[in-house]
Structure formats: structure tokens, C-alpha cells
Amino acid sequence: MKKLVSLLSSSALALAAGALSGPLPASADTTTNCAGLQAALDAAVDNDVITLDDTILCPGNFTLPQDVDLTLQGHDANAGDGFDAAESTNSMLSGSMLGNVVIQNLTFQNGAAGTGAAINLYNSPAGQATLRNSRFYSNGANSGGFSNVDINIDNANPLTITGNIVGAPGKGNLTDFGGALLAQTQGSIVFTDNQVRNNTATTGAYGAGAELEVLGQAPTGGITVSNNIISSNSGVGGVGGGLSIHSVGSGAINVTGNTFSNNSLAAVTSNSSNPTNQGGGLFVQAFSPDAALNQSHNVFAGNAIGRVTKGDTNVSFDYGGGGEYAQAATISSVDDTFVNNSVEGGDPEDTAVGGGLAVQGQAARTGSFASVLTGYNMVVANNSVGAGGEGGGIYTGFSNSCTHATDCPSEAHVFDSTITANSVGAAGGASGIAGDDTDTAEVVNSIVALNTGNQKQVNGQGTITVKDSDACQDATTPYAGAGNICTDPLLENPAANNVHQTAASPTIDAGDSTLVPAQVHRDYEGDTRVQGAAVDMGADEVTPQAPTLPLAGAGPRPVAPSPLLALLGLPAIAAAGYAARRRRRRA
């Protein structure tokens with residue numbers, strides 16, 4: 001089955017450059033130019049290494065041998081060995097019934113095939129595939145095209161994609177449907193250190209930048225996504241403006257250290273009951289209740305989702321998740337940052353939800369389940385949902401796949417986090433954290449403040465518990481619960497996503513240290529937690545600055561009188577030894 005049939009049916013920029021530098025060791029079994037490449041492939045035996053070394057990018061189309069363990073590589077990644085299809089309607093590199101295949105240090109450009117314009121590997125029941133340190137530029141699929149890189153491994157072996165560049169400014173890849181890179185396997189996927197940028201899906205995007213699918217149900221069928229830059233990809237309809245992840249397996253989905261920025265899903269009119277426009281930066285759907293989504297140290301910035309307009313008023317669904325939309329039974333978010341993401345609202349038949357993050361339970365193949373979000377040290381700032389929307393910062397609820405809210409409610413447990421300067425439009429739900437009446441929200445040692453459009457910072461859930469947090473349920477009233485306050489947290493510059501506390505912040509030492517989860521030893525920037533009399537509210541923990549003491553034997557240091565104090569006729573006050581608690585200097 002070519003596609004997973006579901007209910008839906010700059011710090012890292014150097015990573016790929018470092019991986020792509022320098023010539024390969026002289027260990028190749030065969031070195032060939034373009035003219036001899038196909039003959040070398042046809043003659044290959046197990047464990048051969050074929051190195052392409054030519055002064056041009058090879059025109060034409062090449063086929064990998066069946067059932068052969070093989071490495072195909074460019075001699076020097078910086079020299080640009082590889083392929084230029086010159087608008088050929090066939091894949092530049094294809095193969096089926098493959099053995100273990102490694103493709104590395106190659107360039108693929110100007111392909112135009114309907115599916116797999118650059119690479120099309122499929123129906124490999126025994127082998128595994130590795131795609132490493134390669135570049136994919138300006139490939140444009142013809143009508144009906146799925147993806148420019150299409151890899152389908154029909155077994156439980158791992159599929160590894162690392163150090164690649166898929167698209168770039170002025171050299172993005174174009175597809176009719178699906179991501180610029182599509183990876184499918186029955187086993188596990190490792191997707192690391194890639195750059196996926198400036199790619200476009202003209203309709204029905206399943207990850208306009210990339211799509212990862214685990215189709216098998218093996219317990220080991222996990223997905224690892226780490227240290228990637230996924231930026232400026234765009235789609236019309238579908239899910240996942242940057243990256244889409246679908247998993248039937250019960251293995252964990254681990255998403256760590258990625259940047260999802262400026263990806264988008266354009267406004268669309270839909271007559272289908274299948275949801276669309278979910279997950280501007282990232283979309284995750286795990287069908288097994290045993291498949292935990294573990295994510296940490298990711299940045300979701302400037303992603304956007306356009307309005308969904310219904311042509312058929314008999315069907316409706318929530319759309320949104322400007323930064324991320326996630327459906328998994330268990331979701332852990334540690335040190336993740338969601339800033340400046342947006343969801344356009346305004347359609348009365350559907351609801352725009354989750355400017356930064358949307359989490360929804362679902363009806364899975366093994367039965368309905370709730371989605372339980374536990375967030376630690378989250379920063380959620382300056383995200384927005386338009387008119388009639390819910391959850392300027394975070395939304396948790398149930399999806400349209402559930403027959404009733406009680407089938408798959410959602411829970412949000414937020415610890416030591418800062419959710420501020422988010423907004424909802426006219427007639428919108430809670431501006432900070434929103435949910436439905438069967439859902440649960442718990443907020444502990446956190447700041448949920450200065451979110452606008454609805455005075456209720458946390459609202460809509462049937463059960464709301466707030467402890468030792470700065471959050472208002474109206475203009476002046478804190479939520480019921482020990483240690484809660486309702487006041488301006490006096491952060492440095494929340495409008496510019498600077499959520500550091502100032503010396504005047506009432507949230508300093510205002511939390512309950514006994515409620516800090518055992519796994520939270522540091523704040524969102526890595527500073528040690530609990531440095532004062534008690535833990536600070538919010539994602540930021542202030543580090544006290546010790547007074548500067550005189551050198552041994554130097555004696556007291558004279559202090560010049562203050563001109564203002566002299567003017568007032570008051571004695572000078574020595575400043576040595578003054579132990580003011582103030583913010584450490586930040587770069």
C-alpha cells in the first residue's frame with residue numbers, strides 16, 4: 001500500500017555542512033564515471049562499494065541491482081558527484097527487491113518523474129536502506145507525484161536518513177502530493193541531522209517537507225527524529241507543513257533538538273470528513289496506545305496554518321496546531337519552545353485550535369484513547385488563534401475520529417513552564433491553555449499570564465487544578481489553590497519571546513519545590529533548578545549573582561559618594577557586600 005491509510009487518510013545549519021565535507025577514504029571496490037555506472041551496478045556483488053567520480057552530474061536514469069548488499073557513493077561530496085535528470089520523466093535512481101543499500105555523498109537535481117523523481121526504492125522484503133550526506137535540489141514531480149525521494153522498505157529492518165539536504169532557498173523540490181521526502185518501513189526509522197527547506201506540496205500535503213511512516217506493528221518499530229532543520233516548507237491542505245509522522249507500531253517516537261520554522265499549510269476549502277491543516281511545523285499521529293511521543297529541546301517558530309472553509313456543513317473537525325499537532329496516548333514535552341506560530345480562524349463549522357500546540361485523543365485501530373500531555377520547562381509565547389478559536393498557547397481535546405468526547409478525552413499536565421503573550425480572536429476560548437469539558441488541566445509552578453483575547457488563562461476543561469502558579473481566571477482573581485497569584489510576572493520582554501524574570505518578578509522563589517518533578521533538575525536553558533529559597537515559577541530559574549569581594553589583604557575599597565546623595569545632603573552608603581539578588585549576565 002503506497003500510503004498509510006489513516007483517519008486523516010540557527011544553530012544547526014552547520015550540521016550537514018560538516019557531514020558533507022571532504023573526500024571519502026580510498027576504500028571503494030569500483031570507481032567509475034557516468035558512462036560506466038550502470039555496468040558497474042549490473043556487475044555488483046555483495047558488499048561492493050561503487051564510487052561515482054566524474055566532472056559532470058550524470059544524465060539519465062540508473063537502476064540498482066536486486067538482492068545485492070551495496071554502497072553507491074560520490075567520490076567527493078563537495079565536488080557534486082551525482083545526477084541531473086534534465087527534466088527526465090523517470091527516476092534518476094530506482095530499484096526493487098533490494099539488499100542492504102547505502103546511498104551517500106551524491107547530488108540529485110532537476111528530476112520530474114511522477115513518483116520518486118530523484119530516488120524511488122520500493123518492495124524490498126529483506127534489505128535495509130541508508131541515505132546519507134546527499135543533496136536534492138529543484139526536483140519537480142509531474143501530476144500525481146508522491147515525493148521526490150520515495151523509499152519503501154517492506155520489512156522490519158531500520159531505515160536511516162542522515163546528513164542530507166532536501167531543498168534550499170531557490171532550489172526547493174515540488175510535489176503534487178506528499179512530502180519532498182517520503183520514508184516508509186515496517187520497522188524503525190532514524191532521521192537525523194538533515195536540512196529540509198523550501199519544498200512545496202501543491203495539494204494534500206502529508207508533510208510538505210518530509211513524511212515518515214512506520215506501517216508495521218512491531219514493538220521495535222520506533223522513530224527517531226533529531227537535530228534536523230525543517231524550514232520554509234509549504235503545503236495546501238493535508239497535515240504537517242514541515243514534517244509529518246505516522247506510526248502504526250508500538251515503538252516510541254523520539255523527537256529531539258530539531259528546529260521547525262516558517263513552515264505553512266495554506267487556507268483550503270474541504271468537503272471531506274478527513275481533517276486537514278493540522279500541524280504547521282510538525283504533525284504526529286501514533287495509532288498504538290503503547291507508542292509514546294517523547295520530545296525535548298525542539299524549537300517551533302513562525303509556522304502558520306490557514307483557515308479551513310467547509311463546503312459541506314455536515315462534516316466538521318478541529319484544525320490547527322500552529323507549531324505542532326500531536327495525537328499519541330502519551331506525550332512528553334521537555335524544554336520545548338513554541339513561539340510566533342499562528343492558526344487562522346473564522347469558519348463557524350470548524351474550530352481553529354492550538355496556536356502553539358494542539359493535542360487530541362483519537363479513535364485508534366485498537367480502540368479509542370486519551371492523549372496525555374506532560375510538559376516540563378515549556379516556553380509558549382506569542383502564538384495566536386483567530387476568531388472563534390481555542391487555546392492561543394495550547395489546546396487539548398478530542399478529535400473528530402472519536403464518536404464522543406468521553407471516548408478519548410485529553411489531559412494537560414504542565415510543570416515549571418511559561419505560557420505568555422499568546423492570543424485568541426473574537427469569541428475565542430482560553431487564551432493560554434484551552435480544552436473541552438471532558439478534559440483535564442493541571443498547572444504547577446508555572447506562569448500562564450498576559451495572554452490576551454480571553455481573560456481566562458486556563459479554561460474549558462472539566463477539571464482544572466492550579467498550584468503555586470501565576471494565572472488569572474479573570475482580571476484580578478487567581479485560580480483557587482495553594483500558592484497561586486494573579487499578577488504581571490514582570491518578565492524581561494515577553495513580546496519579543498524573552499521570558500527571563502527580572503529582579504522585580506513576583507514569581508522568583510514563589511513556587512513549591514516539593515512539587516518539582518524528580519526529572520526536572522534544570523530550567524529550559526540548562527540552569528540548575530531551585531537556586532533560591534524555593535523554585536521559581538515558570539520555565540526560567542534565576543541564578544543569584546554573588547557579591548564581588550575585595551582581594552585578600554587589599555582592605556576595604558573606597559566608594560565615591562553619590563552625586564545624588566551629596567545633593568540631598570545625605571552620607572554616602574558603602575556598596576561593598578551588598579547581596580542583591582539579580583539576574584546573571586546572558587549572552
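In this predicted model, the N-terminal end of helix α2 is capped by Asn33, a side-chain oxygen of which lies 3.2 Å from the backbone nitrogen of Ala35.

What lies over the buried side of the helix?

Cys34 is joined to Cys58, with an S to S distance of 2.1 Å. This pair links distant parts of the chain, since Cys34 sits in helix α2 and Cys58 in the loop between β2 and β3, 24 residues apart. The torsion about the S-S bond of Cys34 and Cys58 is about -85°, so the disulfide is left-handed. Cys34 has a relative accessible area of 11% and is therefore buried, the cut-off being under 20%. Cys58 has a relative accessible area of 0% and is likewise buried.

The count of disulfides comes to two. In the other pair, Cys472 is joined to Cys486, with an S to S distance of 1.9 Å. Both cysteines lie in the loop between β56 (470-471) and β57 (491-493), so the pair ties together parts that are 14 residues apart in sequence. The link of Cys472 and Cys486 is right-handed, with 105° about the S-S bond. Cys472 and Cys486 are both buried.

The view may now be widened to the whole chain. It has three helices and 58 strands. Of its 587 residues, 57% are buried. The accessible surface of the chain comes to about 21100 Å², and 53% of that surface belongs to carbon and sulfur atoms.

Which residues touch the most other members of the largest nonpolar core? They are Leu64, Ile103, Phe108, Ile119 and Ile245, in a core of 77 residues. The largest share of this core, four residues, comes from helix α2 (residues 34-42). Ile103 shows how such a residue is surrounded. Leaving aside neighbours within four places in sequence, Ile103 is in contact with Leu64, Leu72, Leu93, Phe108, Ile119, Leu121, Thr130, Leu131, Arg132 and Ser134.

Several loop positions are also enclosed. Ala180 is found in the loop between β15 (174-175) and β16 (181-185). With a relative accessible area of 2%, Ala180 is buried because the cut-off is under 20%. Beyond its neighbours within four places in sequence, Ala180 is in contact with Ser147, Asn148, Val149, Val166, Asn173, Thr175, Asn199, Gly207, Ala208 and Gly209. The C-alpha atoms of Ala180 and Glu211 are separated by 8.0 Å, although the two residues are 31 residues apart along the chain.

Ala328 lies in the loop between β37 (324-327) and β38 (330-334). At 0% relative accessibility, Ala328 counts as buried. Apart from neighbours within four places in sequence, Ala328 is in contact with Ala286, Ala291, Leu293, Gln360, Phe369, Ala370, Ser371 and Val372. From C-alpha to C-alpha, Ala328 and Ser247 are 9.7 Å apart in space, and they are 81 residues apart in sequence.

Asn377 is found in the loop between β44 (371-376) and β45 (379-381). Is this residue buried or exposed? At 3% relative accessibility, Asn377 counts as buried. Its side chain makes a polar contact with the side chain of Arg529, at 2.9 Å. Not counting residues up to four places away in sequence, Asn377 touches Asp335, Asp336, Phe415, Asp416, Ser417, Val520, Arg522, Asp523, Tyr524, Arg529 and Ala539.

How values were computed
Residues numbered from 1 in each chain as written. Predicted model: local features only at pLDDT ≥ 70, side-chain atom pairs only at ≥ 80, totals over all residues. Heavy atoms only, no water. Helix = DSSP H or I, 4+ residues; strand = E, 2+ residues; numbered from the N terminus. Buried < 20%, exposed > 50% of the residue type's maximum accessible area, 1.4 Å probe, protein only. Contact = heavy atoms within 4.5 Å. Areas by Shrake-Rupley, 256 points an atom, 1.4 Å probe, with all protein chains shown as cover. Core = buried A, V, L, I, M, F, W, Y, C linked by side-chain atoms within 4.5 Å. Polar contact = N/O pair within 3.5 Å; in protein donor to acceptor, adjacent residues only side chain to side chain. Disulfide = S-S within 2.5 Å.
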